[in-house]
Amino acid sequence: MEEFKIISPTSLLLPYIKHYWLLKSVVDSTTLTRTVPTGMMSLIFHRENRLLSICDNEFHPRTFLSGQERTFVDLQYNGRVNMISVVFHPVGVRAFFNLPMNKAAGLRLTAGDLEDKELLALENSLTSTEDDRRCIFLIEQFLLKRFTLFAEHNLKRIETTIQLINSGQTDITCLADSACLSTKQFSRVFSEHIGANPKEFLRTIRFQRALHILENNRHIPLTALAYECGYFDQSHMIKEFKTFSGYTPSEYIANCQPFSDYFS
């Protein structure tokens with residue numbers, strides 16, 4: 001039995017939170033799942049059994065801030081799983097956690113790692129709260145209380161560049177100009193806010209764009225897909241797919257239901 005649902009945030013948090021997702025599952029045998037880089041960071045709460053990361057053979061922490069991923073991750077779980085995830089827009093985490101996001105890349109940071117007593121208190125509250133809506137309420141109270149205008153001018157700059165990236169802009173010089181920063185300054189500020197440098201983030205979003213196109217047209221020729229997403233050629237796209245998903249595009253279509261967490 002598996003139950004999955006998505007809940008939208010309150011209007012005050014919409015600029016920063018894409019959505020919350022909740023997963024409840026009861027399985028008698030070991031289940032494997034693969035995640036791919038999405039371009040977004042998440043705050044994860046395990047309320048029952050935790051997921052096991054196959055690559056490092058470690059269980060996820062009870063609660064953690066998940067940094068930007070650079071490649072796919074295989075996860076294993078069984079028994080009773082009850083998870084809540086806060087999925088942030090690319091610039092969202094910076095509004096609530098005052099740390100350079102590039103320091104979190106590829107990591108799972110616990111309340112202890114962050115020396116965050118408020119996050120630890122929230123973790124304890126969610127563990128003892130059964131009602132899902134009440135849990136979302138507690139999470140939103142936590143976020144609204146912490147909301148900060150830290151480096152607001154830079155936050156707005158990076159928001160502008162993200163909008164341009166979403167519309168298809170890939171030239172880093174143009175993105176830096178839109179932020180009124182030199183390319184060197186832009187790379188530093190962008191990395192601190194997004195958790196990846198501009199080039200890394202653009203690669204992830206290009207991959208997510210390809211997934212979004214496949215989601216709507218599984219039969220598009222690979223040459224057309226490569227061209228539409230801005231890959232140099234088909235072989236370049238295949239190499240990127242292998243890096244991000246462990247599959248070639250054809251293997252991905254055969255083994256997975258194409259879906260873009262970023263664009264969908």
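Biologist: What lies over the face of Tyr247?
Modeller: That would be Arg34, at 4.9 Å from the ring centre. Keep in mind that this is a predicted model.

Biologist: Noted! And which ring does the charged end of Arg146 sit over?
Modeller: The ring of Phe97, with 4.8 Å to its centre.

Biologist: Switching to helices: what do the end C-alpha atoms of α6 say about its span?
Modeller: They are 16 Å apart, and α6 covers residues 183–194. At 1.5 Å a residue, its 12 residues should span 16 Å, so the two agree.

Biologist: Which residues of α6 are buried?
Modeller: Phe186, Val189, Phe190, Ser191, His193 and Ile194. Just after α6 comes Gly195, with a positive phi of about 95 degrees.

Biologist: How many aromatic pairs are there?
Modeller: The structure holds 13. One of them is Phe190 with Phe201, edge-to-face at 5.6 Å centre to centre and 65 degrees between the planes. Phe190 is in α6 and Phe201 in α7, so the pair ties together parts 11 residues apart in sequence. Both Phe190 and Phe201 are buried.

Biologist: Nice. Why is the pair of Phe241 and Tyr252 edge-to-face?
Modeller: Because the planes of Phe241 and Tyr252 are at 80 degrees, with the ring centres 6.1 Å apart, and over 60 degrees counts as edge-to-face. Phe241 is in helix α9 and Tyr252 in helix α10.

Biologist: Are those two buried or exposed?
Modeller: Phe241 is buried at 0% relative accessibility, and Tyr252 is buried with a relative accessible area of 6%.

Biologist: Last one: which residues do ring pairs link into a cluster?
Modeller: Phe186, Phe190, Phe201, Tyr262 and Phe263.

Notes
Residues numbered from 1 in each chain as written. Predicted model: local features only at pLDDT ≥ 70, side-chain atom pairs only at ≥ 80, totals over all residues. Heavy atoms only, no water. Helix = DSSP H or I, 4+ residues; strand = E, 2+ residues; numbered from the N terminus. Expected span 1.5 Å × (residues − 1). Buried < 20%, exposed > 50% of the residue type's maximum accessible area, 1.4 Å probe, protein only. Phe/Tyr/Trp six-rings, centres within 6.5 Å; stacked < 30°, edge-to-face > 60°. Lys NZ or Arg CZ within 6 Å of the ring centre and 35° of its normal.
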